[in-house]
Amino acid sequence: MVKNDPFVNATKQVNDACDILGIKDKELREYLAMPNKVLRVKIPVKMDNGKIRIFTGFRSQHNNDRGPYKGGIRYFNPEGGVEYMEREVMALSSWMTWKCAIVDIPLGGGKGGIYVNPKTEKISDGELERLTRGFAYKISEIIGPGKDIPAPDVYTTGREMTQIMDTFSKLNGNVYSPGVITGKPISMGGSLARNVATGLGAAYTVREAAKVLKLSLKGAKVVLQGFGNASTFAGEYLEKMGAKVIGVSDSKGSISIPKGAKVSAILAHKEKKGSVVGFPGSTKISTEALLTTKCDILVPGALENQIDAKIAKNLKCKIIAEAANGPTLPEADPIIYQKKILVIPDILANSGGVCISYLEWVQNNMGYYWTFDEVANKMEKNITKGFKDAYEMSKKHKVDMRKAAMALAVSRVVEAFNQKGIWP
């Protein structure tokens with residue numbers, strides 16, 4: 001048994017959605033919850049010292065009823081070990097299925113990775129490339145532009161994606177295949193707007209949430225937990241919409257900025273000092289104090305499991321936009337719903353990345369590339385429609401946005417499954 005099994009949580013969410021939709025068939029529920037395939041591979045790598053080290057890698061393909069599998073490849077070593085990572089990628093592949101369905105892009109859910117942490121282990125660039133290409137070789141039979149399209153995730157970048165693409169192309173007769181993977185550098189067929197996608201998408205969903213709450217974004221107060229890619233770009237785009245940031249945090253600490261500050265100024269301070277702590281005009285506060293700061297918009301963009309029942313009771317915001325994956329514990333959801341705080345769940349709020357990945361894949365397949373504004377506008381249409389559809393579902397069934405988004409996604413996958421039928 002895996003402790004704190006994430007796949008158990010993913011399965012519960014599917015069953016909750018089925019309850020809302022009135023799906024009672026146990027076999028259909030199991031079909032919707034379980035991955036279609038989970039591949040576990042051994043990757044022998046010759047290290048720089050001449051010794052052979054065996055790595056373990058995974059690729060979980062959850063559902064492809066609406067299109068090819070899609071999802072990241074992470075290089076990580078969670079505390080639960082290899083067995084935990086297997087369950088983790090299974091859960092993440094499930095969430096990718098629902099994320100794609102919510103924003104109505106024709107892809108399914110996949111996820112994968114290697115049990116290794118390149119940030120804490122002494123692994124050279126050469127060793128990492130041999131590991132990446134070895135993993136690509138092991139999963140080459142199950143990926144492809146029409147089968148399964150991986151992307152970057154934790155501790156992987158465009159460099160690893162390019163190496164996987166190159167390995168796949170060489171294994172297939174040197175046929176140039178940019179559509180086998182997304183998240184590539186622009187020079188290798190990547191898409192414009194990819195670097196801002198998650199934050200920009202989150203800002204779009206906040207804008208839509210503000211509309212239904214009749215909340216003006218002009219002067220709206222924003223708190224950003226985490227100061228990585230997603231949160232910083234979410235903050236910058238919300239600034240452009242008229243909001244102001246009054247609190248931020250990073251791995252070194254949290255700060256309150258009552259008068260507000262430009263994200264660019266905070267970022268410049270962080271780059272110079274190594275942390276947001278110490279920013280002029282700010283006061284250092286605890287994580288709990290940051291999350292419970294009185295504001296209009298809270299953007300949890302750091303780690304999972306940040307908002308528990310205790311913090312939920314003390315929240316003083318109107319909108320929560322989950323830029324991070326799983327920042328809110330299940331125990332907190334009913335409390336937040338009762339407080340009438342509108343939660344934009346992670347599978348919607350941070351779906352900008354997969355929207356742009358989809359558009360990169362489309363551009364690769366047709367050999368024609370759009371401008372930044374064209375890509376951003378196409379993503380905006382998908383995400384805003386996803387928000388509106390989920391919000392209508394929440395009102396129809398009188399449930400919170402997390403349950404509504406899941407129910408919407410499951411209904412779309414079930415519709416595709418029923419259309420296809422069973423064969424043979």
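Where is the place of Ser-191? I looked this up first. The model is predicted. I found Ser-191 in the loop between helix 5 (158–171) and helix 6 (197–213).

**Entry: Ser-191**

Is Ser-191 buried or exposed? I read a relative accessibility of 3%. Buried means under 20%, so Ser-191 counts as buried.

Next I listed what Ser-191 touches. Leaving out residues up to four places away in sequence, I noted Ile-186, Ile-356, Glu-360, Gln-363 and Val-375. Gln-363 also turned up in my check of polar contacts: its side chain makes one with the side chain of Ser-191, at 3.1 Å.

**Entry: the sheet**

I traced an open sheet of five strands in the order 1-2-4-3-5. Its pairing is mixed.

Which strands stand at the edges? I found strand 1 (37–46) and strand 5 (148–152) there. Each has a single partner strand, so one side of each has no neighbour in the sheet.

Opposite Phe-58 I found Gly-113, in strand 4.

**Entry: the helix on the sheet**

What does helix 3 (residues 81–102) touch as it packs on the sheet? I noted strand 1, strand 2, strand 3 (69–76) and strand 4. I also checked the direction of helix 3 against that of strand 4: the angle is about 155°.

Terms used: Residues are numbered from 1 along each chain as its sequence is written. This is a predicted model: local features need pLDDT of at least 70, side-chain atom pairs count only at pLDDT 80 or more; totals for chains, interfaces and linings use all residues. Side-chain values use heavy atoms; hydrogens and water are left out. Helices (H or I, at least four residues) and strands (E, at least two) are DSSP runs, numbered from the N terminus. Buried means under 20% relative accessible area, exposed over 50%, partly exposed in between (1.4 Å probe, protein chains only). A polar contact is a pair of N or O atoms within 3.5 Å; within protein, one must be able to donate a hydrogen and the other to accept it, and residues adjacent in sequence count only if both atoms are side-chain atoms. Contact means heavy atoms within 4.5 Å. Two strands pair if DSSP finds at least two bridges between them. Axes are lines fitted to C-alpha atoms, for helices over the stretch in contact, and angles run from 0 to 180 degrees between N-to-C directions.
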